[in-house]
Structures are given as C-alpha cells and as structure tokens.
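Work through the exercises below with the model open. Try each task before reading its solution.

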Amino acid sequence: GQAYTGRAVAFASQGHLDLATADFSRARIALQLAGDTLALGRVEANEAVVDGKRGHYAEALAGDLRAAQRFQRFGALNEQVSTLTNAAEAQLMLLRPADALATSERTWPLPGRLEDPIAIHNYLAQRAQVLLANGRIAETRALLGKLAAEVPDDHDRAVLANVQLQQARLALLDNRPDRASVFAANAVAVFTSTDYQRERASAWLLLARALHAQGKNDEASAETTRLQAWAKSITAPPVPVYAALADAERDVAQHKLDASRAGYARALALADK
C-alpha cells in the first residue's frame, strides 16, 4: 500500500493523473486489507489533491474533509492542517468564501502547535487568500506584511511566491498596478513545477492586467503571448481558461471588441467544461 501510494504521488507530480489515480486505487485496497486507517487517510488526502488538479473541486473538498477527520482521530497534526488548508482552497474555487473562512477559522488554533515554519506559513498564506476573498482587506494586508517579513527565512520559494501572488491581488485592489506587476512577475518566475500550474496561470493573468492598468499594452500583450505559448502544452483546467481570459482582455485594450466578445465566450465555454 505504501509503495503504491509513493508511486502515485510521483505520477501526480509529473502530471500523469490517470496513472496516479490507478495506483491510489491499488493502494487503497492493500491498506484496507492491512487495516492501516491512518495510511488510508493519506491516500484520501492525495486523491483530493489529484481531484483538485483535474478541476474537480467538489470531489476534492469531500476527500479533504474525510481525510481531515481521520487525521484528527490519530492526532496527525501536520496532515490535518495541510488537508484543512486544501479544503478551504477547494471551497474558494467553488465560490464559497464564507465556508472557506469557516474552515480556516476551524484550523486557526492548530498551526500554533506545529514546529515546522514552512507548514505554518503555507497555512497563513492560504488564510490571506481566504480573508481577501471575504473582503477583510485590513487583516489581509497585515497578514501579508507579516509573511513577507518571515517567509524568506524559510528558503521555500513556493510559499514566498504564493504570498507575492496575494500581494499582487491586493495591490491591484489598492490601485497600485506598478507594485502588482512586480509581485506577479516574481510569482510567474517561481511557479514553474506541475504542482503550481493554476497558480502560475493566475499570476500571469494578473501580470497582464497590471501592465494594462499602467497603459503598458505592448508589454501586456507580450506577456499574454508568453502565457498562451506555455498554456498550449497544458490541458489540465483551469490553465486554458486563464489564457483565454488574458487574450480577451488584450483585445479589449486594443479596442477589438468583437474579438474580445468571442474570447470571453471561449473562456466561459472552457470554464463550463
């Protein structure tokens, strides 16, 4: 069971989601026969990650919540925090920000009992996203300021890029597109692994928007072209949606309104799919 789980995680990290799903199923059978309930929780948590990569957020959320219950029973604190963090992210993707906030509040006491600063900061970065989605701007700004000061000491570039992605979103809301473009560009440069395709696409779209907001339409167009070139090799949702949105917004900036309407329709069709 552990061997199948390990191979499934390796397949998932390479983007081979069908192979990962098959191995997780084999692991589940073996671990049920062994009666290893904790390891079954880890399989469920990993299956939820794969569901999230497929864009199946309702299934991911259900798996996260089941796994979190198992981890709570066994006192597996690191896994419980990680899984509840993923659950809140799935709720955001399902446009349920109030539920995501409730999940984040439920998790809030737990990170204080962790010793790994990277795990703590990963939770806090995701909490900033939840706070921002719920309109709690002042709390978001304070939390991102704290993280921006602390996270570089972890030497975990992915967590720092996640913080910078949230900083870019906040800067756009603050009408500071110059700052937003710097933060977003840094996130694009770091989010290069298959584990962060959605985050990279989101950061790239933010970068194009920030450049448009500064009147730098040529630079924004170049970034949109780069995003589309990268997205051509990726079929997993929602990367093609972000690329289509960036293209439609470029057409708006260039006053090609008929083309932009067609582009938004294409993005909507991809999102529905």
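**Exercise 1. Find the charge that lies over the face of W230, then describe the surroundings of W230.**

Solution.
- Step 1. R200 lies over the face of W230, 5.1 Å from the ring centre. The rule asks for NZ of Lys or CZ of Arg within 6 Å of the ring centre and within 35 degrees of the ring normal.
- Step 2. List the contacts of W230, meaning heavy atoms within 4.5 Å. Setting aside neighbours within four places in sequence, W230 touches Q197, R200, A201, W204 and V239.
- Step 3. Look for a second case of a charge over a ring. The charged end of R127 sits over the ring of W108, 4.4 Å from its centre.

Before going on, note the ground rules. The model is predicted: local features need pLDDT of at least 70, side-chain atom pairs count only at pLDDT 80 or more, and totals for chains, interfaces and linings use all residues. Residues are numbered from 1 along each chain as its sequence is written, and side-chain values use heavy atoms, with hydrogens and water left out.

**Exercise 2. Classify the ring pair of W204 and W230.**

Solution.
- Step 1. Apply the rule: rings of Phe, Tyr and Trp (its six-membered ring) pair if their centres lie within 6.5 Å; planes under 30 degrees apart are stacked, over 60 edge-to-face, and the rest tilted. The count comes to three aromatic pairs.
- Step 2. The centres of W204 and W230 are 5.7 Å apart and the planes stand at 40°, so this pair is tilted.
- Step 3. W204 is in helix 11 and W230 in helix 12, so the pair ties together parts 26 residues apart in sequence. Helices here are DSSP runs (H or I, at least four residues), numbered from the N terminus.
- Step 4. Both W204 and W230 are buried. Buried means under 20% relative accessible area, exposed over 50%, partly exposed in between (1.4 Å probe, protein chains only).

**Exercise 3. Which residues have the most contacts inside the largest nonpolar core?**

Solution.
- Step 1. A nonpolar core is a set of buried Ala, Val, Leu, Ile, Met, Phe, Trp, Tyr and Cys residues joined through side-chain atoms within 4.5 Å.
- Step 2. The largest has 25 residues, and L165, A187, W204, L227, W230 and V239 have the most contacts inside it.
- Step 3. Helices 9, 10, 11, 12 and 13 each give two or more residues to this core. Helix 11 gives the most, seven residues.
- Step 4. A second, separate core has 24 residues, including L77, A125, V151 and V163.

Methods
Contact = heavy atoms within 4.5 Å.
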